[in-house]
Amino acid sequence: MTWMTDFWRSSIGGKATMAVTGLLLFGFVVAHLLGNLQLLKGADAINNYAKMLHDLGPLLWVARIGLLAVFVLHVATAIRLSRANKAARPVAYVKGATMQATMASRSMVLSGLTVGAFLVYHLAHFTFGAVHGADAALKAKGAGGHDVFAMVTASFANPAIVAAYVAAQIVLFLHLSHGMQSLAQTLGCHHGRYAPMVKSLSVVLALAIAGGNAFLALSVRLGIVQGA
Ligand code: HEM
């Protein structure tokens, strides 16, 4: 086990961990968005999708625990790398590329913390039903006592909740687009003539994900989805 912690503590090991865990989390947000798009097809589609997930039983728990472990590793490595960066630079830079890199990594920490705070709120909202009375909406109408469509549409009829979700997507966009460029740097393909292509691709992918989530959050207010 010590070689693993030694690797994790090394500079390249830390970057590789960020890249792999970041890619796995990225895969989750893509899959989650594709599943949530069922909302546009109506109540049966999203409720059947949620039921299919819940019916996975123990397998769902394995996936949840795996996701949590990946998330914790991503955050712990980010904290370690940012501390190591600070320790290696006791005097602040005045200007130049190194300062730009420092600013970028600082903004990643800030946007990451904000996405983390959104996640706590989001889980309290939809998974635990602890805020906005979502629990009542979830249990009110579903045949099996589990109506995700009613819960989501009742929530997104509230402009304050929509505003919170859309604001979080702006930060998620920043985090994903910067994160993908860091990943390309770790993989050694973010330089020279590839740099503009990597930047455009990162922005387009991040926009598709954050924009898709924001679109879902706005769908009820825009009249695209009729509430239950
Ligand atoms: C408008 C956008 C979103 C909608 C409509 C949405 C909807 C939902 C719903 C309904 C659940 C509960 C599923 C259930 O227990 O039946 C859920 C869980 C979850 N969501 Fe989202 N979500 C959105 C955006 C996001 C984003 C941006 C992230 C990550 C940054 C995220 C991460 C999670 C996680 C980690 C869970 C817990 C999964 C589990 O319990 O297995 N969601 N979401």
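Mentor: Apart from residues up to four places away in sequence, Asn213 touches Leu33, Gln169 and Leu172. The model is a predicted one, and what follows should be read accordingly. Asn213 itself belongs to helix H9. Its relative accessibility is 18%, and because the limit for a buried residue is under 20%, Asn213 counts as buried. One of its contacts is polar: the side chains of Asn213 and Gln169 are joined at 3.1 Å.

How many residues surround the ligand, and which are the closest? The number is 21, and the closest are His32, Asn36, His54, Arg64 and His122. Sorted by class, this shell holds 12 nonpolar, eight polar and one charged residues. Asn36 places a polar side-chain atom 3.3 Å from a nitrogen atom of the ligand. For His54, the corresponding distance, to an oxygen atom of the ligand, is 3.1 Å. For His122, a polar side-chain atom is 2.8 Å from a ligand nitrogen. Two or more residues of the shell come from each of helix H2 (11-36), helix H5 (97-127), helix H7 (148-156), helix H8 (159-186) and helix H9 (195-218). Of these contributions, that of H5 is the greatest, at six residues.

The metal comes next. The iron atom of the ligand is coordinated by the NE2 atoms of His32 and His122, at 2.0 Å. Its site has six donor atoms, with angles among them of 88 to 179 degrees, and is octahedral. His32 is part of helix H2 and His122 is part of helix H5, so this pair ties together parts of the chain that are 90 residues apart in sequence. As a reference for the angles, six octahedral donors ideally give 90 or 180 degrees. Are the two histidines buried or exposed? His32 is partly exposed, because its relative accessible area is 30%. His122 is buried, because its relative accessible area is 15%.

Another contributor to the shell, helix H7, deserves a separate word. Eight of its nine residues are buried, so H7 is largely enclosed by the rest of the structure. The buried residues are Val148, Phe149, Ala150, Met151, Val152, Thr153, Ser155 and Phe156. At the start of H7, Asp147 extends a side-chain oxygen to within 3.3 Å of the backbone nitrogen of Phe149.

Phe26 sits in H2, and at 19% relative accessibility Phe26 counts as buried. Beyond neighbours within four places in sequence, Phe26 is in contact with Leu176, Met180, Leu205 and Ile209. Phe26 and Met180 are 154 residues apart along the chain, while their C-alpha atoms are separated by 9.3 Å.

From here the account moves to helix H4 (residues 58-87). His74 lies in H4 and is buried, as its relative accessible area is 16%. With residues up to four places away set aside, His74 touches Met18, Thr21, Gly22, Leu25 and His175. Thr21 is linked to His74 by a polar contact of 2.9 Å between their side chains. These two residues are 53 apart in sequence, yet their C-alpha atoms are 5.7 Å apart in space. Thr77, also placed in H4, counts as buried because its relative accessibility is 0%. Apart from neighbours within four places in sequence, the contacts of Thr77 are Trp8, Gly14, Thr17 and Met18. A general point applies here: an α-helix has 3.6 residues a turn, so residues three or four places apart point the same way.

These details belong to a chain with nine helices and zero strands. Buried residues account for 33% of its 228 residues. Of the contacts between residues at least 6 apart in sequence, 70% join residues at least 24 apart.

Conventions: Residues are numbered from 1 along each chain as its sequence is written. This is a predicted model: local features need pLDDT of at least 70, side-chain atom pairs count only at pLDDT 80 or more; totals for chains, interfaces and linings use all residues. Side-chain values use heavy atoms; hydrogens and water are left out. Helices (H or I, at least four residues) and strands (E, at least two) are DSSP runs, numbered from the N terminus. Buried means under 20% relative accessible area, exposed over 50%, partly exposed in between (1.4 Å probe, protein chains only). Contact means heavy atoms within 4.5 Å. A residue is near a molecule or strand if one of its heavy atoms lies within 4 Å of it. A polar contact is a pair of N or O atoms within 3.5 Å; within protein, one must be able to donate a hydrogen and the other to accept it, and residues adjacent in sequence count only if both atoms are side-chain atoms. Ala, Val, Leu, Ile, Met, Phe, Trp, Tyr, Cys and Pro count as nonpolar, Asp, Glu, Lys and Arg as charged, and the others, Gly among them, as polar. Donors are N, O and S atoms within 2.8 Å of the metal (3.2 Å for Na, K and Ca); water is not among the atoms, so sites may look incomplete. Four donors count as tetrahedral if all angles lie between 85 and 135 degrees; four count as square planar and six as octahedral if opposite donors are over 155 degrees apart and all others between 65 and 115; anything else is irregular.
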